[in-house]
Each structure stands twice: as structure tokens, then as C-alpha cells.
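Reader: I would like to learn how to read aromatic pairs and sheets in a model. Please start once the structure is on the page.

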Amino acid sequence: MGTFNNLTEAEAHKLIQELQEQKAELEKQNEELRHLWAKTEILNDKYNGLYDFTTTGYFILSNNGKIIELNHSGANLLGKERPNLKNSRFNTFISEESRPLFNQFLNLVFSGKTKETCELNIAIPGETPRFVMLTGIVAENDEQCFVTVN
């Protein structure tokens, strides 16, 4: 604090002017950030709408087939609400005879870096089994994969 007491009036005035300029610049940057945030929110809503309400089921699965994330279409395909599906095993929704195909598909997805496909039956209790095509590719972290279900 002692250094401020020794400032001349001109130095104090210059320091105040510099602080006001810095404040104005920070306010300008803050306004730009608010504007960019608003644009990001609009784009986020737009793409979330595309992701959630497409007719394709999108899933992120762990290497042991646990559902990490899914869209609304995926939840509708499996006949449950999204929160009730997270952390459940995808293979519990596959017909008994199709489970070996799914296990092979999952192994291929995680062992390779190429897109894999598989055709199998989804079996929801009380509904007729539904024939679907799965397409999957491993994520960059090699611990998850992205799967589409049509």
C-alpha cells in the first residue's frame, strides 16, 4: 500500500485511466462471451433436438455392453424411460438366440477401429421381437463405442 501513497497526482490519474481502460476491455470481452454462450446454447438445442428425436436409436455402450448414454428414440426402441436404461446391459433387450451375435459384434467393435454391423432381434417383454440393424464403432478412448440401431 505504501507505493500508492507515493504516487504523484499525474501518476495516480494515469493509473486510474489504465484501470478504466482495462475494465472497459474486460466488459467488452464479457459481452462477447455472453453472446457466444447464447449462440452455443442455440446450437446445442438444435443438435440435441436432432439427436434426441431422430428415428434412429443412438447408444453409447461400455466394452461390456452397459448403456452409458442413449437418445429418446433408443429409449423408445427398448420400451423404457432413458433414466431407467442408463447403466443397464444392452443384451438384456436382445432375444436369447441373438445374444451370441451381439457379443460377437461388441467384441469386433472393440477389437478393431472399423465400423461393424450386426442384424439381430430386439425382444421386449409383451411385444413381438423386432429385427434391427446395429452399426457400431469404438470411441477414441477405446472404452466406449457408439452404436446406432435402425
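Reader: How many aromatic pairs does the structure hold?

Author: First, the basis. This is a predicted model, in which local features need pLDDT of at least 70, side-chain atom pairs count only at pLDDT 80 or more, and totals for chains, interfaces and linings use all residues. Residues are numbered from 1 along each chain as its sequence is written, and side-chain values use heavy atoms, with hydrogens and water left out. A pair of aromatic rings is described by the distance of the centres and the angle of the planes. Rings of Phe, Tyr and Trp (its six-membered ring) pair if their centres lie within 6.5 Å; planes under 30 degrees apart count as stacked, over 60 as edge-to-face and the rest as tilted. The structure holds three such pairs. One of them joins Phe59 and Phe90 edge-to-face, at 5.0 Å centre to centre with 75° between the planes.

Reader: Which parts does the pair of Phe59 and Phe90 tie together?

Author: Helices (H or I, at least four residues) and strands (E, at least two) are DSSP runs, numbered from the N terminus. Phe59 lies in strand β1 and Phe90 in the loop between α4 (82-85) and α5, so the pair ties together parts that are 31 residues apart in sequence.

Reader: Is Phe59 buried or exposed?

Author: Buried means under 20% relative accessible area, exposed over 50%, partly exposed in between (1.4 Å probe, protein chains only). Phe59 is buried at 2%, and Phe90 is buried at 0%.

Reader: What form does the pair of Phe102 and Phe105 take?

Author: That pair is tilted, with 6.3 Å centre to centre and 35° between the planes. Both residues lie in helix α5, three residues apart, about one turn of the helix, and both are buried. Ring pairs link Phe59, Phe90, Phe102 and Phe105 into a cluster.

Reader: In what order do the strands of the sheet stand?

Author: Strands of a sheet pair through backbone hydrogen bonds, either parallel or antiparallel. By the rule used here, two strands pair if DSSP finds at least two bridges between them. In this model five strands form an open, antiparallel sheet in the order β2-β1-β5-β4-β3. Its edge strands, β2 (67-70) and β3 (116-122), each pair on one side only.

Reader: How many bridges join β4 and β5?

Author: Strand β4 (residues 130-138) and strand β5 (residues 144-149) pair over five bridges, in the antiparallel sense. Ile137 stands opposite Phe146 in β5.
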